[in-house]
Amino acid sequence: MSSFRSFFIFWTFKYYASPMYSALRLSFLLPFLFLITKNSLAQNAVTIPIETLHNALVLQTDKENHLGITYFGKKLGSAVEYQLVTSQSRQHDGNAGTYNSAYTPAGSWNVSEPALQVTHSDGNKSMDLVYVSHKTSKENDNVTLTSIVLKDPVYAVEVTLHYKTYIHEDVTEQWSVIKSAEKGEITLNKYASANLYFIAKDYFLTHYNGTWAKEMNPEQEQLTAGMRVLDSKLGTRANLFQPPSFQLSFDKPATETEGKVLLGTLGWSGNFRMDFEVDSYHNLRLIAGINNYASEYPLASNKEFTTPSFIYTFSENGKGEASRNLHNWARKYRILDGEGSRMTLLNNWEATYFGFNEEKLSGLFKDGKKLGVDLFLLDDGWFANKYPRNNDQAGLGDWQENVKKLPHGIGYLVKEAKNAGVKFGIWVEPEMVNPKSELYEKHPDWVIKEPQRPEHHMRNQLPLDLSNPEVQKFVFGVLDKLFIENPDLAYIKWDCNAITFNAHSAYLEKSKQKQSQLYVDYVKGLYKVLEKLRAKYPKVPMMLCSGGGGRVDYEALKYFTEFWPSDNTDPLERIFMQWEYSYFYPAIAQSAHVTDWGKQPLKYRTDVAMMGRLGYDIVVSHLNEKDLQFSQQAVATYNSIKDVVWHGDLYRLVDPKENSYASLLFSSKNKDRAILFSYLTGNRNGDGSDTPFRLQGLDPAKKYKVKELNLYPETKTALKEDQVYSGEFLMTVGFNPAVSARRTSVIVEISAQ
Ligand code: DGJ
């Protein structure tokens with residue numbers, strides 16, 4: 001009935017407007033249209049449930065055919081009952097408009113923060129959206145796409161809301177497509193990806209702030225009436241101060257195992273904006289998308305604009321379940337090679353900085369082999385001749401090998417590495433330029449800068465203008481040349497160390513486009529380059545880096561296998577950071593290197609790095625005999641547990657923010673094997689604890705033994721390794737490998753017998 005009605009209305013709307021249709025047909029249709037509008041739409045609202053395995057988002061038309069959100073939460077057994085929810089949603093106030101809009105338009109009846117704001121070709125700024133039609137198609141047994149067409153009854157502007165659900169992962173990906181059939185160009189003043197509406201007693205938002213080496217500091221606040229905005233205006237390195245990810249708890253703050261919580265994140269590698277507006281009914285509107293700051297976007301006649309995806313998952317059972325849902329989704333559907341494997345590596349950045357030559361590097365290849373890692377990663381400093389890259393003040397943009405340091409070129413290094421028994425990877429920062437470079441001299445118009453103002457640099461560099469197709473070609477060419485000349489190149493670290501100041505594009509000016517396109521067209525340009533690169537080189541692992549965790553999101557991770565969470569590799573700091581990142585990103589995507597940062601012993605630094613994609617950035621030859629022996633064993637141990645860390649389920653058990661130690665457990669999908677990591681994080685006498693805490697992620701019916709892994713040479717475990725425990729015991733009574741000032745970190749393997 002409802003699909004027949006939708007079809008009929010769609011058909012009616014579409015053809016009623018067509019001049020090709022004769023008066024006869026119109027006279028045939030009009031009475032029907034009247035009847036359907038009056039009887040079906042007004043009295044039988046269109047109800048669209050968008051469901052995953054456990055959750056539902058329900059949309060419904062109101063008397064005026066506006067589409068509102070009537071329900072968000074746990075799925076009901078009978079979808080018919082969603083229609084009963086309407087009365088509870090307090091969706092309509094005769095004086096002040098509809099609050100629960102599925103995509104809030106600006107300038108007509110709505111007086112709250114809009115999802116869509118448009119300037120029409122005649123200069124008019126009003127927008128309304130009414131329901132036209134919807135359809136649902138199954139991509140496969142797990143993935144369903146619901147698309148809903150809304151239309152302005154006055155102006156020829158149409159929006160299609162897309163909701164892609166990943167049933168078993170309880171994840172929804174939501175985006176919008178805005179189309180204009182107006183004769184002239186229209187301007188999109190605000191163009192959100194998603195608009196949601198929640199009804200709960202209270203709302204608790206956890207968002208993140210930070211800067212270089214201080215990424216992912218969580219802050220939780222109760223949302224009160226009015227607007228709270230999370231946003232970035234930084235351009236290239238958009239996430240430096242704030243990532244586009246948050247946790248939202250309903251009624252009360254969710255814990256790892258209890259409470260209603262939504263984890264949300266925007267797949268967009270540029271300026272973002274997320275509005276949280278608690279309205280006068282204490283309901284919450286969430287609008288997420290590209291930041292419209294300085295970004296009014298023109299839309300030509302008969303063109304469409306596709307927004308990025310807002311990705312979210314909801315759980316009634318706390319943050320642990322929600323994050324595991326997101327991890328399952330990300331590994332299976334989003335991260336490049338998310339279900340595959342990763343290479344362990346030795347990076348030379350902190351070992352040499354810019355000071356290396358072929359001989360030194362050859363020695364490091366051998367060190368990598370000695371350590372047992374898969375790959376050697378050559379960092380910054382290998383390029384530029386007129387202005388050699390011997391520090392961060394020159395050379396960026398001139399991607400030719402520096403002949404003094406590398407007289408035989410990269411090809412020679414790739415071969416040397418192979419001879420030493422490791423693969424070879426390389427660092428690039430292709431979106432950036434130092435003013436002191438040949439590239440800048442040759443193409444000053446390729447640089448993002450205000451022509452009339454002094455340049456403003458970050459780390460002595462500026463972004464190239466990726467809205468310019470010539471620049472896109474150049475950036476692609478940097479990578480393409482490396483791969484063509486060195487087919488055995490096995491890994492790329494793609495860095496990006498400056499934000500966008502003075503956002504102005506000479507290209508947009510020359511091609512008579514609008515400057516307000518720059519922030520958006522930059523990101524689109526970047527994706528074009530990455531798309532082309534992946535079409536030609538689909539598999540080569542690439543790390544997304546940005547002088548720290550300034551850059552990671554789920555659109556970029558379509559092209560990258562991993563990201564660099566922070567330059568801060570102090571293991572104590574990393575425990576907290578990796579903990580927070582782990583709400584959104586699985587361990588397989590998080591690069592974690594053992595370095596000399598921090599005061600903790602090598603074992604502690606290594607144990608922490610083993611919770612991600614393990615790498616080293618140390619001078620191997622400086623390790624004493626025992627440290628070297630330990631590290632060699634650690635790489636081998638990591639190889640034996642990496643499958644569980646990368647592909648298993650993560651349980652955050654003891655939160656270091658509330659305790660003086662941290663404990664996390666990764667469990668294999670079949671619950672046969674789990675790896676437990678515990679770290680002392682406080683440093684007062686008596687910190688740590690041996691009080692058992694409850695494990696999770698085991699099978700209560702299985703019997704397990706525990707075994708300590710990654711022991712430092714000549715140390716003994718304090719665990720009773722002969723003892724057999726039931727999963728039930730470990731998850732009810734609990735267990736604690738008891739970190740203390742004498743054993744500051746412990747890794748325990750828990751294996752089913
Ligand atoms: C910033 C990165 O985070 C570092 O790891 C290193 O690659 C430097 N850039 C190189 O300039």
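Lys-671 is partly exposed, with a relative accessible area of 26%, in a model that is predicted. Its place is the loop between strand S33 (661–667) and strand S34 (673–680). Although Lys-671 is not a glycine, its phi is positive, at about 60°.

**Ligand site**

- Asp-567 places a polar side-chain atom 2.4 Å from an oxygen atom of the ligand.
- Lys-493 also faces a ligand oxygen atom, with a polar side-chain atom at 2.8 Å.
- On its own the ligand has 290 Å² of accessible area, and the protein covers 96% of it.

**Helix H11**

- Helix H11 spans residues 571–581; eight of its eleven residues are buried, so the helix is largely enclosed by the rest of the structure.
- The buried set comprises Pro-571, Arg-574, Ile-575, Met-577, Gln-578, Trp-579, Glu-580 and Tyr-581.
- At the start of H11, the backbone nitrogen of Leu-572 has a side-chain oxygen of Asp-570 within 2.9 Å.

**Ser-180 in strand S10**

- Ser-180 belongs to strand S10, which covers residues 171–180.
- With a relative accessibility of 2%, Ser-180 falls under the 20% limit and therefore counts as buried.
- Leaving aside residues up to four places away in sequence, Ser-180 touches Ala-156, Val-157 and Ile-186, together with Leu-299, Ala-300, Ser-301, Asn-302 and Lys-303.

**Lys-449 and its loop**

- Lys-449 is situated in the loop between helix H7 (438–442) and strand S26 (462–463).
- The relative accessible area of Lys-449 is 21%, which makes this residue partly exposed.
- Beyond four places in sequence, the residues touched by Lys-449 are Tyr-440, Pro-444, Glu-455, Asn-502 and His-504.
- With Tyr-440, Lys-449 forms a polar contact of 3.1 Å between side chains.
- From Lys-449 to Gly-318 the C-alpha to C-alpha separation is 46 Å in space, and the two are 131 residues apart in sequence.

**Asp-687 and its loop**

- Asp-687 occupies the loop between S34 and S35.
- A relative accessibility of 21% places Asp-687 among the partly exposed residues.
- The side chain of Asp-687 reaches two backbone nitrogens: that of Arg-684 at 2.8 Å and that of Asn-683 at 3.1 Å.
- Not counting residues up to four places away in sequence, Asp-687 touches Ser-660, Leu-680, Gly-682 and Ser-740.
- Asp-687 and Val-739 are separated by 52 residues in sequence, while their C-alpha atoms are 8.7 Å apart in space.

**Confidence of the model**

- The chain has a mean pLDDT of 93, and 93% of its residues reach 70 or more.
- Over residues 1–42, pLDDT stays under 50, and the model has 33 contacts beyond four places in sequence for this stretch.
- Residues 87–91 also stay under 50 in pLDDT, with 15 contacts beyond four places in sequence.

Definitions and conventions:
Residues are numbered from 1 along each chain as its sequence is written. This is a predicted model: local features need pLDDT of at least 70, side-chain atom pairs count only at pLDDT 80 or more; totals for chains, interfaces and linings use all residues. Side-chain values use heavy atoms; hydrogens and water are left out. pLDDT is the predictor's confidence in each residue, from 0 to 100. Contact means heavy atoms within 4.5 Å. A polar contact is a pair of N or O atoms within 3.5 Å; within protein, one must be able to donate a hydrogen and the other to accept it, and residues adjacent in sequence count only if both atoms are side-chain atoms. Accessible areas come from the Shrake-Rupley method with a 1.4 Å probe; for residues, only the protein chains shown count as cover. Buried means under 20% relative accessible area, exposed over 50%, partly exposed in between (1.4 Å probe, protein chains only). Helices (H or I, at least four residues) and strands (E, at least two) are DSSP runs, numbered from the N terminus.
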